[in-house]
Amino acid sequence: TSLGVTVLLIAIAIGMAFRDGRVPPSSTTDGNAGRQVESISNENGDTAAEPGNRTVPETFAFLVGVRSYRFADGALDLEYTESDVDELSRLLLKRGVPRRNIQLLTQWSEADNPQLAPTASNIRRRLKSMLSGCIEGDNVIVAITGMGGESGRAGVYCYMPAGARLDRVESLITLNEFFTLFENCKRIHWE
């Protein structure tokens, strides 16, 4: 039996170094044309499971995909980031993960529900909420797609959520910040 919560972190960040403030060349592809995406969360935009309501461990998924970045000197559209996490959500559903336990934050989903925008504040709030609701034996899958790189300080790597600005550190999420969120979860185990 498991002695705690298991977290599987899948960090799928496009390795773009932006420490010098330059934006990579623009891309015009959109891999999401014609896609049907449902928001997978309750009416508050959070997972339905509450800490005191469960005694049986479950699997949860926190999936983030950022397709478009806008900068002062250009734009960058990534072709597969949203479709990757969307497809992962479908696979998890087929494998028996309850729909209420999957949070899918993408710019595509944001069009129907702003609480599903993959912004730094939404990612922090929603991931913290999900992890705080975990009980012993739960499994949590975290998949993050988009752009990441060194933050400008040597050895400090971060993820760029939607709306990220290189001159506003609060709009970026460092890897250390992700690990701090995980460490605050009760009795976490890594796989």
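The following exercises, with worked solutions, concern a predicted model.

Local features require pLDDT of at least 70 and side-chain atom pairs pLDDT 80 or more, whereas totals for chains, interfaces and linings use all residues. Residues are numbered from 1 along each chain as its sequence is written, and side-chain values use heavy atoms, leaving out hydrogens and water.

**Exercise 1.** Determine how many helices and strands the protein chain has, and state their pattern along the sequence.

*Solution.* Helices (H or I, at least four residues) and strands (E, at least two) are DSSP runs, numbered from the N terminus. The protein chain has four helices and nine strands. Along the sequence they follow β-β-β-β-α-β-α-α-β-β-β-α-β.

**Exercise 2.** Compare the span of helix H1 with the expected value, then identify its buried residues and their packing partners.

*Solution.* Helix H1 covers residues 81–94, 14 residues. The expected span is 1.5 Å times one less than the number of residues. From first C-alpha to last, H1 reaches 20 Å, close to the 20 Å expected. Buried means under 20% relative accessible area, exposed over 50%, and partly exposed in between (1.4 Å probe, protein chains only). The buried residues of H1 include Val85, Leu88 and Leu92. The buried residues of H1 pack against strand E2 (59–65), strand E5 (102–106), helix H2 (107–110) and strand E6 (139–150), where contact means heavy atoms within 4.5 Å. Just after H1, Gly96 takes a positive phi of about 100°.

**Exercise 3.** Locate Phe179 and explain why it counts as partly exposed.

*Solution.* Phe179 lies in helix H4 (residues 175–183). Phe179 counts as partly exposed because its relative accessibility is 33%.
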